[in-house]
Amino acid sequence: MSLWFVESASSGHKLEWKIRREVYSTQSAFQHIRVVETEQFGMALILDGIMQTTMGDEFIYHEMLAFVPLLSHPAPKRVLIIGGGDGGLSREVLKVPGVEHVVMVEIDPIVVDVAKRYFPHHTESLNDSRLHIVFEDGAAFLKSQAHTPEKFDVILVDSTDPEGDGPGQFLYTSAFHADVKNALNPGGIYVQHTGAPFYNPEVLGMVTEDVGKKFPLCQTYWATVPTYPGGIFTFTAGSLGPDLSQPIRTLPCETQWYTPDIHRLAFALPPYLKNLIRTEIKATR
Ligand code: SAM
């Protein structure tokens with residue numbers, strides 16, 4: 001009898017992955033952690049029953065979350081990653097010329113251990129001397145940052161979704177956005193994923209409304225990630241200066257998804273998305 005992993009995108013839509021092999025599962029202090037080998041996308045990490053990353057398409061999400069902000073910033077030396085325990089995002093961030101210091105604040109050390117064991121491609125840069133891993137809640141880390149001179153040029157939030165009572169909820173609040181802004185250097189950029197607009201438009205609305213009030217520039221871009229519900233996945237940025245829609249630097253290495261054209265096109269929002277953002281912003285008021 002075939003084994004399938006089923007994730008409900010909504011009460012009316014489910015995604016199913018055929019499982020070739022059940023690899024690992026445990027309950028950590030923060031969440032349920034499961035690793036399966038899927039037939040279509042290879043090894044996959046599932047947290048609290050939600051698909052997080054797969055070998056088959058992780059490069060789309062990680063390249064778009066890393067390169068769009070980092071290649072829009074004139075000289076990003078210091079980067080903060082909140083979440084990102086699977087290692088895929090820091091792998092891409094460390095490819096960008098001029099990046100000198102990366103801090104990854106991950107709440108769950110077991111996720112990093114599991115990623116090292118079962119996702120070697122994701123974690124190939126976790127021993128880079130420029131990378132410093134801190135095991136702490138990202139919201140608490142940023143609060144403590146307010147009392148230090150340590151600031152960042154780019155802050156990337158690669159967390160679990162805000163839905164439910166998981167640890168990701170603390171990273172989708174107005175207080176968190178204020179702390180992010182305080183932790184940025186002048187001309188700094190912050191990006192957070194705002195999920196699947198066909199299923200959770202309220203997340204996009206809330207973040208765009210709040211970031212739009214706090215930052216001089218708030219921009220949303222999108223990419224298609226096959227293993228995320230509905231395929232279309234959004235990222236929302238707050239900028240203290242740079243316009244993220246125009247790449248100003250290039251990458252000296254091969255990519256699988258990101259190109260300067262893909263970068264520019266990602267900011268061409270279909271009318272459906274523009275209207276959705278407007279409607280959701282109104283709904284949050
Ligand atoms: N790309 C995935 C997505 O978009 O759904 C995210 C993958 S990454 C594995 C998510 C990480 O965020 C997890 O390792 C989780 O432990 C971490 N995380 C969730 N809430 C956090 C918090 N408040 N502070 C720090 N890390 C957190």
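**A tour from the cysteines to the ligand**

Select Cys218 to begin: this residue is partly exposed, with a relative accessible area of 25%. Partly exposed lies between buried (under 20% relative accessible area) and exposed (over 50%), with a 1.4 Å probe and protein chains only. The model is predicted, so local features need pLDDT of at least 70 and side-chain atom pairs pLDDT 80 or more, while totals for chains, interfaces and linings use all residues. Residues are numbered from 1 along each chain as its sequence is written, and side-chain values use heavy atoms, without hydrogens and water.

Next, select Cys253, which is partly exposed at 29% relative accessibility. The structure holds zero disulfides, a disulfide being a pair of cysteine sulfur atoms within 2.5 Å.

Display the polar contacts, pairs of N or O atoms within 3.5 Å. At Asp137, a side-chain N or O atom is 2.7 Å from a nitrogen atom of the ligand. At Ile107, a polar backbone atom lies 3.2 Å from a ligand nitrogen. At Gly168, a backbone N or O atom is 3.3 Å from a nitrogen atom of the ligand.

How values were computed
A polar contact is a pair of N or O atoms within 3.5 Å; within protein, one must be able to donate a hydrogen and the other to accept it, and residues adjacent in sequence count only if both atoms are side-chain atoms.
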